[in-house]
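Open the structure in your viewer and keep the selection panel at hand. The stops below go from the whole chain down to single residues.

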Amino acid sequence: MSARCLRCRYPRTALLAGVPCPECGEPEPPRDWIVVQGRSVPGNPLWFVAGACLLLTMITIPALMVVRTGKYVFLVHGAFLLSASIYLFYRSRALYLSLEDGGDVTWILKPDVIEERGPHWTRETSWRECDHVLFERGFTSNAVRLTVTKREAMGDKGLPSIWVDTRVHDARQLQAIARERIEHARR
Ligand SMILES: [Zn+2]
């Protein structure tokens, strides 16, 4: 079950089973892999743009302080606001571009492990280390976050978590499949 090519995100929905990706040649993922494309953050990219614009207007405050006091130390505050707003613009662009492709995060539910693929990272977690699967609704009705919790949270760098669009994915079914794999790994 895979809606898009794992390498180039080409939509596989119209392809026959077993056919490699016509764009990049990536073979069809094995049948027991369940591929979920989602997002690292909920919400609309416009919220990030709004935040960036707000920070940019706040730059007038340190600028005024420099003018009034003559102390250039306020430039540090200005530089901080500028870099924060640039980061927010960058995030909004990344989010906007990834919407067409189904999101910036991919989960691959394999028989033994859950693999997460982000824009610059990949992580595998054995189902045996997992405890249960949380289902949380977001601010909008079609946003759901799935989080896989671990049995031991020691030295943990964040749990596998993904925002899925319920118009694209059946989030309850995905939760049930992940639960099933955790239970199966314990046997
Ligand atoms: Zn491809």
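The tour covers the domains, a sheet, a helix and a core.

The model is predicted: local features need pLDDT of at least 70, side-chain atom pairs count only at pLDDT 80 or more, and totals for chains, interfaces and linings use all residues. Residues are numbered from 1 along each chain as its sequence is written.

**Domains.** Colour 34-39 + 102-186 as domain 1 and 45-99 as domain 2; the bounds come from an automatic or database domain assignment. Their C-alpha centres lie 33 Å apart.

Select β5 (130-137), β6 (143-150) and β7 (161-165). Strands here are DSSP runs of E, at least two residues, and helices are runs of H or I, at least four, numbered from the N terminus. The three strands make an open antiparallel sheet in the order β5-β6-β7. Because β5 and β7 are at the edges with a single partner strand each, one side of each has no neighbour in the sheet. Two strands pair if DSSP finds at least two bridges between them; β6 and β7 have five. Pick V144 and find its bridge partner, V164 in β7.

**Contacts.** Finish on V36. Leaving out residues up to four places away in sequence, V36 touches T106, W107, I162, V164, H169 and L174, where contact means C-beta atoms, placed from the backbone, within 7 Å.

How values were computed
Contact = placed C-beta atoms within 7 Å.
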